[in-house]
Amino acid sequence: MELIDFSTSAWSILPPVLALGLAILTRKVLLSLSVGIVVGALMLSDGNIGTALNYLGDRVLSLVYSVEDKAINDSNVNIIIFLLLLGILTALLSVSGSNQAFAEWAQKRIKGRRGAKFMAASLVFVTFIDDYFHSLAVGAIARPVTDKFKVSRAKLAYILDSTAAPMCVMMPVSSWGAYIMTLIAGLLAEHAITGYSPFSAFITMSAMNFYAIFSMVMVFAVAYFTIDIGPMARHEKMALEQADQNENISASTGHVRNLILPIVALIIGTVAMMMHTGNQALMADGKAFSVLGAFENTTVGISLVVGGLSAVIVSTILIFVAGNVSVSDYIKSYFVGMKSMLGAIAILFFAWTINKVVGDMQTGQYLSTLISGNLNAAFLPALLFLLGAAMAFSTGTSWGTFGIMLPIAAAIAVNAAPDLLIPCLSAVMAGAVCGDHCSPVSDTTILSSTGAKCNHMDHVTTQLPYALIVAIATTLGYLVVGFTHSGLLGFVTTGVVMAGAIFITKKR
């Protein structure tokens, strides 16, 4: 069907802005996304209701089945299966008493709420291979401990979200790193740039990804200094005042190993399958195996499913060896676990749908035209950061922003200021992560809420002030980079502004 072209129209931002605004005002995510989806469909169909319904039918179907390829959409279906498996695993860990046992074990070794928050934040150094994996797996591990020490679910969701993407985007051995290096390789070849290899360019860009670096710094500062800004202060106060939070299934006496071993199986199964699928792709292209090459060509979705299935199987074996769970409770945990994920899956479906609509509205293409070639080149890193953030916020996808903005940033920098090529590419990466953090329709934001079992809009509103502080410091850092061409001065500037903001906020 022929759709209206909005690539050069400011109206292209209406559906995402409408959905995001309503979500923040009403706190009803599904209703708000529905409004944005319907408005976008009607705009694309020039107000024809019949055409709009056909369009929506095609887009919703494409989430699970590709009519053109006559095949299932493996990526989305595997993520849904992984969510269900994680729900089942969480329920099994609860019914076996493993969560409670780990919380009691941790309580003896972790001294207070600060230690619980540090533990949740530090686990990213183990689970950095994928942001989905991190948010859900660490949520399952850390939640019993943070609950025990009365850390709010909103604070846990913030810790999960603000360590997931920032760590993944800077690690070459991750699904994010592999994807970005693939894009970089194409850009270097297109512009005949020989001074960098894809790997060395990625490492240099990561060192200048001020938003990702200082988002991590902010998380640990918040954990250590107990910096509770705006709505977060209310949630932390409520958590301190309420009784212990309990899972839906009453727990039997369990063992810590029954939690650790399934999580280890989850990590090993996921990484092993990522290596396997990546190696298969390399062999198909006639290339030799390498770890980076495997990560660059891996299939993340099926790898997560294999890891999740491995964890469920190991948990099941441990439960039956311990003999502390009845067959009926074991079966019940499957239904309880899958049911606990239905809300997240529904939000994810609606978020995917509005992302399709936003893509057809060509919101990203319109936003990319806002940078004019007549601007002073010194402003480019800061402007690309802000534009990348706006695009990721509107579309809810970091990866989509990378795909659209990195080629544009490279083309602008090569023609206007070759010395600023790496800072400009770094600014796009930083902006994409920033917008992704702030967006209610971001996959990672949704899954962080799910991992923490926190109300989604509570997570969005409590995380936003922290993200904005880091974003302001990052913008100033990139301005310094643009005018001085010094990444070190930009880094120091960002750090000083961040330290000042933390000091002032803590003092208040």
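Asn455 caps the N-terminal end of helix H22, with one of its side-chain oxygens 3.1 Å from the backbone nitrogen of Met457. The model is predicted. H22 covers residues 456–484, and its 29 residues reach 41 Å from the first C-alpha to the last, close to the 42 Å expected at 1.5 Å a residue. Along its course, H22 bends by about 35 degrees at Leu464, and a proline, Pro465, follows within four residues. After H22 comes His485, which has a positive phi near 60 degrees.

Attention now turns to a pair of packed helices. Two packed helices are described by the angle between their axes and the distance between the axes. Helix H16 (residues 327–361) packs against helix H21 (residues 443–452) at an angle of about 170 degrees, and their axes are 10 Å apart. Because angles over 145 degrees count as roughly antiparallel, H16 is roughly antiparallel to H21. H16 contributes Met341, Ala344, Ile347, Leu348, Ala351 and Trp352 to the contact, while H21 contributes Asp443, Ile446 and Thr450.

Helix H15 (residues 300–322) can be examined by its length. Its 23 residues should span 33 Å at 1.5 Å a residue, and the end C-alpha atoms are 33 Å apart, so the two values agree. Just after H15, Gly323 adopts a positive phi of about 65 degrees.

Methods. Residues numbered from 1 in each chain as written. Predicted model: local features only at pLDDT ≥ 70, side-chain atom pairs only at ≥ 80, totals over all residues. Heavy atoms only, no water. Axes fitted to C-alpha atoms, helices over the stretch in contact; angles between N-to-C directions. Helix = DSSP H or I, 4+ residues; strand = E, 2+ residues; numbered from the N terminus. Parallel < 35°, antiparallel > 145°, perpendicular 65-115°, else oblique. Contact = heavy atoms within 4.5 Å. Expected span 1.5 Å × (residues − 1). Bend = angle between axes of the 7 residues up to and from the residue. Polar contact = N/O pair within 3.5 Å; in protein donor to acceptor, adjacent residues only side chain to side chain.
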